[in-house]
Structures are given as structure tokens and as C-alpha cells.
Amino acid sequence: LFARPWVFIRGVPAMKFLPPEGPPEVAFAGRSNVGKSSLINALVGQKGLARTSNTPGRTQELNYFVPEGYSGDAGDLPPMALVDMPGYGFAKAPKTQVDAWTKLVFEYLRGRVTLKRVYLLIDARHGVKKIDEEVMDLLDTAAVSYQVVLTKADKIKPPAVMRLVEETREKMAKHPAAFPEIVATSSEKGAGMDELRAAIVRAVSD
Ligand code: GDP
């Protein structure tokens, strides 16, 4: 599945533009600059798929990716879709933009039956911030299964990664919809990618 090329199929600025519910979906969320585009690119082994350094205009949309070669017609649906959610917590974002993010994301989380899991990305240098906790609360409220992925693990020493994994695991115990296992990754070094791919495949086959 991850060995074949993936393609961008649609940017969704509002609920009415969502593709019809079909294949199971896995979505990626995290603060701006957490390394979300890099992680998606590393997962599929394609540098340019999710644009690194957010393309203006695309940043407030749910971006859909599927493996290449499926027509999307009934009977020829892709086995799964990856959804790149707009980044949050950009310091200079105007309130209207924050409100738009919350509305789109909350409606998507609440309403999307085929959404199997959200991967919540946390920068290993910074750990879980208040705004991440707020998003976790949103996910708990929407009762969407989610799993924390630490990004940029190459930027801190291995013992510090292990400590952060433990700390984060303990934090997750308070969150009813959170998956207990934490995956530490480095898109740059490829660390944790096989583990994450396996977790995604399990999430969509549940
Ligand atoms: P996004 O805004 O969440 O999509 O973040 P990007 O993927 O654009 O990454 C933000 C910055 O972090 C870029 O400068 C990336 O090169 C850097 N970055 C992303 N992943 C890693 C990683 O695993 N290791 C290191 N060292 N840097 C990374």
C-alpha cells in the first residue's frame, strides 16, 4: 500500500466539498511547523506529495491523498485515504481563521463515519502544549480514536525521546479516546516509519 505512488485528489475547504464516504480514512493533525508535511511525504516515500512549507490557500483545507490507480467509482475504491488536516496554533492567525479551523475540523471529526483514526503530531523538542491538549479534548468529545506521533525525534537525544514517550503515555491515560501507544518518528532519518505504517494499516482494518 505504501510502496505504490500516492496522489492528491482534493482540497476540502468546507464540509460540502468532502468526497462521498468510501474508503477508511486516517487524518493527520498538529501545530503549524510540527513536521506534518514531512511526515506524510516520508510515510509514502514521496518528497513532494504534501508540500513542505505550507502552500498559502491549501493550509486551511483538508487535503485528501489516495494510492494511485483507483477510479473512485463504486467497486474501484482505494483501500484507504490519508487526510492532511490544516495546522493549528499559528501565533499570528486572526480569530476568524481560528474559528474557521475549529468549525471545519469539528464538523469533520464529528460527522465523518469513515474516519478511523487521527494521528496527532507533537514536536519532540516541545512536547504537548496547551493547544494540543485543547485539540485532544476536541477529539475526546468527538469520540474519534487518536494516537500521538512524536516528530523530529532526531533533534533530541535518544534518552530524552524515551522520557518524552513515557511522559506522553502517562498524559494520554487521562484522555478517553487516545490510543495508549506513542510512536516516535524522524522524517529526516526514517525512524519510526515502519511502526507508524503498521499502526495505520491496523487502524484501517479494525
Ligand atoms: P508542517 O508545517 O507541519 O507541514 O511542517 P513541515 O513538514 O513543513 O516541517 C517544518 C520544518 O521542520 C521544516 O523545516 C522541516 O525540514 C523540519 N522537519 C520536519 N520533519 C523533520 C524531522 O524529522 N527532523 C528534522 N530535523 N527536521 C524536520
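Two strands count as paired where DSSP finds at least two bridges between them. Strands themselves are DSSP runs of E with at least two residues, helices are runs of H or I with at least four residues, and both are numbered from the N terminus. Phenylalanine 65 stands opposite leucine 82 in β4, and the tour will come back to this position.

The model is predicted: local features need pLDDT of at least 70, side-chain atom pairs count only at pLDDT 80 or more, and totals for chains, interfaces and linings use all residues. Residues are numbered from 1 along each chain as its sequence is written.

**Whole chain**

Start with the protein chain in cartoon view. Five helices and seven strands make up its secondary structure, in the order β-β-α-β-β-α-β-α-β-α-β-α from the N terminus. The radius of gyration of the protein chain, taken over C-alpha atoms, is 16 Å, close to the 17 Å of the globule rule for 206 residues, so the chain is as compact as a globular protein of that length. The globule rule is 2.2 Å times the number of residues to the power 0.38. Along the principal axes, the C-alpha atoms fill a box of roughly 50 × 40 × 30 Å.

Colour next by burial. A residue is buried if 20 or more other C-beta atoms lie within 10 Å of its own, exposed if 12 or fewer, and partly exposed in between, with C-beta atoms placed from the backbone. Of the 206 residues in the protein chain, 36% are buried. Two residues are in contact if their C-beta atoms, placed from the backbone, lie within 7 Å. Among contacts between residues at least 6 apart in sequence, 77% join residues at least 24 apart.

**The sheet**

Select the seven strands. They form an open sheet with mixed pairing, in the order β1-β3-β4-β2-β5-β6-β7. β1 (6-12) and β7 (183-184) are the edges; each has a single partner strand, so one side of each is left without a neighbour in the sheet.

Move to β4 (residues 81-84). Ala81 and Val83 point one way, Leu82 and Asp84 the other way, and all are buried. β4 runs parallel to β2, joined by four bridges; here valine 83 in β4 is the bridge partner of alanine 27. With β3 (residues 62-67), β4 pairs in the antiparallel sense over three bridges, and this is where phenylalanine 65 stands opposite leucine 82.

**Helices across the sheet**

Show α3 (residues 130-142), which lies across β2, β5 (115-123) and β6 and runs at about 170° to β5. Then show α4, across β5, β6 and β7, at about 160° to β6. The angles run from 0 to 180 degrees between N-to-C directions, and the axes are lines fitted to C-alpha atoms, for helices over the stretch in contact.

**Loops**

Pick asparagine 33, in the loop between β2 (25-30) and α1 (36-44). Its phi is near 75°, a positive value in a residue other than glycine. Asparagine 33 counts as partly exposed, with 15 C-beta neighbours inside 10 Å.

Lysine 152 lies in the loop between β6 (146-151) and α4 (158-172). It too is not a glycine, and its phi is positive, about 55°. Lysine 152 is buried, with 23 other C-beta atoms within 10 Å.

Go on to alanine 124, in the loop between β5 and α3, which counts as buried with 23 C-beta neighbours inside 10 Å. Beyond its neighbours within four places in sequence, alanine 124 has contacts including Leu150, Lys152, Ile156, Val161 and Ala184. From alanine 124 to alanine 3 the C-alpha distance is 27 Å, over 121 residues of sequence.

End at proline 20, in the loop between β1 and β2. Proline 20 counts as exposed, with 8 C-beta neighbours inside 10 Å. Proline 20 and threonine 114 are 94 residues apart in sequence, and their C-alpha atoms are 9.9 Å apart.
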